[in-house]
Amino acid sequence: MALPKMVVKSPETLLRSIHYPPLTGAEEEGAVRAAAHEDINLITLLPAASAPGLQVRDLKGNWHDVSCDLGAIAINSGDMLKEASGGYFPSTTHRVMNPRGAEAKLPRYSMPLFLHACPEVRALGKTYSQKLSGRAPARNRA
Ligand SMILES: O=C(O)CCC(=O)C(=O)O
Ligand SMILES: [Fe+2]
């Protein structure tokens, strides 16, 4: 099934608006706003956040800042796309770093759109619904 058809009217697709409050100054050394992870869905669209901080890791393990220029959209591949493509598209490891200097006093807002496949989409012999069952409750899923 073509990717655009996989996501039409998917009940799992989620637009999340995230507010990262300004730092208090009491954060532990090395603390981050979001630890390195991969999203479980097909692809995630990340319109430019209000402030920098998002980083993606390349296949050699190097981290790269993601632009937050107005109008930019980053697209992360997720675990389900990795499975559906037999690993051709690895899921993007990403994290959100704590800001430094003057930016530490600013909140950060981001609004990722987590595109999920429709329940009937099959990958590796299982439907998307079967793959999701046993995972975190829907409200915690990304
Ligand atoms: O806030 C961001 O820029 C990314 C958030 C994220 O990776 C997530 O919610 O899964
Ligand atoms: Fe994420």
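Mentor: A polar contact is a pair of N or O atoms within 3.5 Å; within protein, one must be able to donate a hydrogen and the other to accept it, and residues adjacent in sequence count only if both atoms are side-chain atoms. This is a predicted model, where local features need pLDDT of at least 70, side-chain atom pairs count only at pLDDT 80 or more, and totals for chains, interfaces and linings use all residues. Residues are numbered from 1 along each chain as its sequence is written, and side-chain values use heavy atoms, with hydrogens and water left out.

Trainee: Which backbone oxygen lies 3.0 Å from a polar atom of the side chain of Asn 98?

Mentor: That of Ala 31. The backbone nitrogen of Arg 33 lies 3.2 Å from a polar atom of the Asn 98 side chain.

Trainee: Is Asn 98 buried or exposed?

Mentor: Buried means under 20% relative accessible area, exposed over 50%, partly exposed in between (1.4 Å probe, protein chains only). Asn 98 is buried, at 18%.

Trainee: Where does Asn 98 lie?

Mentor: Strands are DSSP runs (E, at least two residues), numbered from the N terminus. Asn 98 lies in the loop between strand S8 (94–96) and strand S9 (108–110).

Trainee: In what order do the 4 strands of the open sheet run?

Mentor: Two strands pair if DSSP finds at least two bridges between them. Here the order is S1-S10-S4-S7, with antiparallel pairing. S1 (14–15) and S7 (73–77) stand at the edges with a single partner strand each, so one side of each has no neighbour in the sheet.

Trainee: How many bridges join S4 and S7?

Mentor: 5, with S4 covering residues 43–47. Ile 43 has Ser 77 in S7 as its bridge partner.

How values were computed: Chains lettered and ligands numbered in written order.
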